[in-house]
Amino acid sequence: MKNHFPIALVAVFAVLVACTENEEPVNPLIGTWENREFVDSLDVWLVETIEIKSDNVFEQYITVRQTEKGVNLGYRSLSQGLYSKVGIELDLRFMNDFNYRNALNVDDLFAPKEELRHIEIFRIFSSARVHLVSNHKELEYQIICDEPFIGSASCEEIRKFTKVY
């Protein structure tokens, strides 16, 4: 029995090493990223979140909070789409948009996710590029504008998102 134990241990170790070598490397962009902004006039936080999932799907949404890192009170908008890897960046392609907006009534700024309505919107962009900065703790996000909007301020702005998980 003593003679077989070292051989069995070596065999188990070889199998474990072989399995880990074949696994895909984890994409550091996968996760949940937030850009938080306090709106003085409304006394709330607007939080834009990008969830990048491992199956080439992403969701980007805006929620409302009372505190910067508190619970989401509700949603203002939600976009869904697919992404592809382009070098060290991701190319986000927007496909579905849902919205709930009532900017005139402070008490009606948001709704539960299930109350968002599917909408067809005219976008000045159909995609965005993201890439990692600050040792993979932040990503930079820039929309890619369609003609004739190339060069507008919205298209030039680079926004930073922080990884929350």
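Which residues touch the most other members in the largest nonpolar core? Before the answer, a word on the model. This is a predicted model, in which local features need pLDDT of at least 70 and side-chain atom pairs count only at pLDDT 80 or more, while totals for chains, interfaces and linings use all residues. Residues are numbered from 1 along each chain as its sequence is written, and side-chain values use heavy atoms, with hydrogens and water left out.

The protein has two helices and nine strands, in the order α-β-β-β-β-β-β-β-β-α-β. Helices (H or I, at least four residues) and strands (E, at least two) are DSSP runs, numbered from the N terminus. Of its 165 residues, 33% are buried; buried means under 20% relative accessible area, exposed over 50%, and partly exposed in between, with a 1.4 Å probe and protein chains only.

Now the core. A nonpolar core is a set of buried Ala, Val, Leu, Ile, Met, Phe, Trp, Tyr and Cys residues joined through side-chain atoms within 4.5 Å. The largest one holds 18 residues, and Ile-52, Leu-90, Leu-92, Leu-139 and Tyr-141 touch the most other members. Two or more residues each come from strands E2 (44–52), E5, E7 (125–133) and E8 (138–145), with E8 giving the largest share, four. Another core, of six residues, lies apart from it and includes Tyr-61, Tyr-75, Leu-78 and Tyr-100.

Next, the charged pairs. There are eight salt bridges, each a side-chain nitrogen of Lys or Arg within 4 Å of a carboxyl oxygen of Asp or Glu. In one of them, Arg-159 pairs with Glu-48, with the closest N and O atoms 2.8 Å apart. Arg-159 is in strand E9 (residues 159–163) and Glu-48 in strand E2, so this pair ties together parts 111 residues apart in sequence. Arg-159 is partly exposed at 21% relative accessibility, whereas Glu-48 is buried at 15%.

Arg-129 and Asp-91 form another salt bridge, at 3.9 Å between the closest N and O atoms. It links strand E7 to strand E5, so parts 38 residues apart in sequence are tied together. Asp-91 is buried at 6%; Arg-129 is partly exposed at 30%. Elsewhere, Glu-34, Arg-36, Arg-65 and Glu-68 are linked in a network of salt bridges.

Last, Asp-97, which lies in strand E5 (residues 89–99). Asp-97 is buried, at 8% relative accessible area, and its side chain makes a polar contact of 2.6 Å with that of Ser-79. A polar contact is a pair of N or O atoms within 3.5 Å; within protein, one must be able to donate a hydrogen and the other to accept it, and residues adjacent in sequence count only if both atoms are side-chain atoms.
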